[in-house]
Amino acid sequence: MDISQPLPLLGGLSPQLFMKRHWQKKPLLIRRAISDFKPLLDRAQLFELAEHQDVQARLVMQQPGQTPGWHLKSGPFARRALPALSRPGWTVLVQGVDLQHDAVHALMNQFRFVPDARLDDLMISYASDGGGVGPHFDSYDVFLLQAQGRRRWRIGRQKDRSLQPDVPLKILAHFEPEEEFVLEPGDMLYLPLWYAHDGVALGECMTYSIGFRSPSRAELARELLQRLADDAEDAVGVAVYRDPRQAAVSEPAEVPAQLLEFARDALQDALKDPAALGRALGEYMTEPKANVWFPAPEPQTHRAGLAPGGPGRKIQLDRRSKMMFDAKHIYINGESFRAGGRDATLMRRLADQRYLTAQDLGRVSPEARCLLQDWQQAGWLHQL
Ligand code: SIN
Ligand code: CO
């Protein structure tokens with residue numbers, strides 16, 4: 001993608017300018033971000049997805065006059081478990097539709113001017129008239145693309161982030177909207193994280209949310225320390241605390257100073273190799289979500305394979321595959337590989353473009369070709 005070229009998707013801003021002026025800073029309303037946009041899934045297809053065990057879906061219903069006035073249910077939902085279309089004030093939200101549909105994945109890829117490590121998923125919501133999830137804020141940056149019908153958004157910077165008590169959803173107690181827009185199909189609204197918003201369906205409506213996760217320091221510290229500790233144990237074996245010189249104690253409740261030293265050493269040891277930290281981060285960022293399964297390759301594809309001298313065909317990453325790289329490594333679906341030279345260039349190209357041409361494939365080393373074959377076997381990539 002040429003990041004200096006103005007895009008209709010960004011209201012005529014280039015990705016460079018959008019990132020400079022709006023990303024994590026201020027909202028942007030884009031009329032006709034995608035002209036003549038038609039929903040990629042119809043209502044019935046979305047409801048079918050909400051029935052799947054492996055798809056995360058939520059149903060939010062407003063119950064006027066009742067306490068609490070909001071009702072939340074987690075999926076999967078049989079079609080008959082969803083309210084009648086004629087009933088106003090409900091919405092069903094289906095996460096990770098990009099993992100289920102190539103066209104939805106392709107739409108999400110239009111936002112790859114933001115690093116993949118930040119891109120989380122594309123969620124689709126269907127709402128009956130008046131439906132929505134109430135005024136709230138997210139710890140996500142989000143592009144809200146109106147796919148079908150109309151939705152009224154009210155948004156505000158919101159200083160007071162206190163939430164309504166005793167409701168099953170995060171609903172702002174004192175929402176202070178500053179602006180209001182009605183979005184038509186193809187219109188899009190970008191909101192930075194923590195920007196308060198409330199979207200209400202004006203008639204039946206579908207909204208696509210392209211969400212960008214902001215991992216917290218605590219989450220990263222927890223995940224990376226766990227991985228680093230496991231790596232250290234793999235490298236040197238299990239090292240247990242030993243205290244042959246421990247004297248008898250008259251205050252048994254006191255934590256031994258030597259145990260604190262042992263713990264400090266363990267942490268320092270786990271953190272001492274900067275390459276290990278980078279590797280743990282890359283592995284974590286490409287770890288597939290718990291509900292992701294890769295389809296086994298078809299037997300015919302298996303035979304065609306990526307064997308040396310095999311038919312020259314393009315390869316493409318499966319839409320579920322997460323592939324990234326850093327200066328020393330290639331990461332794919334939670335695994336890391338050291339790569340250098342021409343192989344590294346080609347693997348990085350595969351990660352960025354998500355495909356390699358037959359010509360590129362002709363230039364990979366036999367070792368890299370073997371890896372690609374393994375990945376094909378795992379269903380992580382396909383030969384076209
Ligand atoms: C929705 O699509 O109804 C909710 C999107 C959001 O407010 O984040
Ligand atoms: Co939101």
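## The metal site

Along the chain, the donors of the cobalt ion (ligand 2) follow the spacing H-x1-D-x58-H. The model described here is predicted. The donor atoms are NE2 of His136, OD of Asp138 and NE2 of His197, and they coordinate the cobalt ion (ligand 2) at 2.0 to 2.1 Å.

Are His136 and Asp138 buried or partly exposed? His136 has a relative accessible area of 11%, and because buried means under 20%, His136 counts as buried. Asp138 has a relative accessible area of 23% and is partly exposed.

Which residues are around ligand 1? They are Leu93, Met123, Ser125, His136, Asp138, Leu144, Arg151, Trp153, His197, Thr207 and Ser209. This list includes His136, Asp138 and His197, which also coordinate the cobalt ion (ligand 2).

Some contacts of ligand 1 can be described by distance. A polar side-chain atom of His136 is 3.2 Å from an oxygen atom of ligand 1. For His197, a polar side-chain atom lies 3.3 Å from an oxygen atom of ligand 1. In the side chain of Arg151, an N or O atom is 3.4 Å from an oxygen atom of ligand 1. On its own, ligand 1 has 260 Å² of accessible area, and the protein covers 94% of this.

Strand S2 consists of residues 57-62 and strand S4 of residues 90-94. These two strands run antiparallel and are joined by five bridges. In one of the pairings, Arg58 has Leu93 in S4 as its bridge partner.

Gln62 stands opposite Trp70 in S3. In a regular strand, side chains alternate between the two faces of the sheet.

## Cysteines and disulfides

A disulfide is a covalent bond between the sulfur atoms of two cysteines. How many disulfides does a search of the whole structure find? The search finds zero.

Cys205 is buried, with a relative accessible area of 1%. Cys370, at 44% relative accessibility, counts as partly exposed.

Definitions and conventions
Residues numbered from 1 in each chain as written. Chains lettered and ligands numbered in written order. Predicted model: local features only at pLDDT ≥ 70, side-chain atom pairs only at ≥ 80, totals over all residues. Heavy atoms only, no water. Pairing = 2+ DSSP bridges. Helix = DSSP H or I, 4+ residues; strand = E, 2+ residues; numbered from the N terminus. Donors = N, O, S within 2.8 Å, 3.2 Å for Na, K, Ca; no water. Buried < 20%, exposed > 50% of the residue type's maximum accessible area, 1.4 Å probe, protein only. Near = heavy atom within 4 Å. Polar contact = N/O pair within 3.5 Å; in protein donor to acceptor, adjacent residues only side chain to side chain. Areas by Shrake-Rupley, 256 points an atom, 1.4 Å probe, with all protein chains shown as cover. Disulfide = S-S within 2.5 Å.
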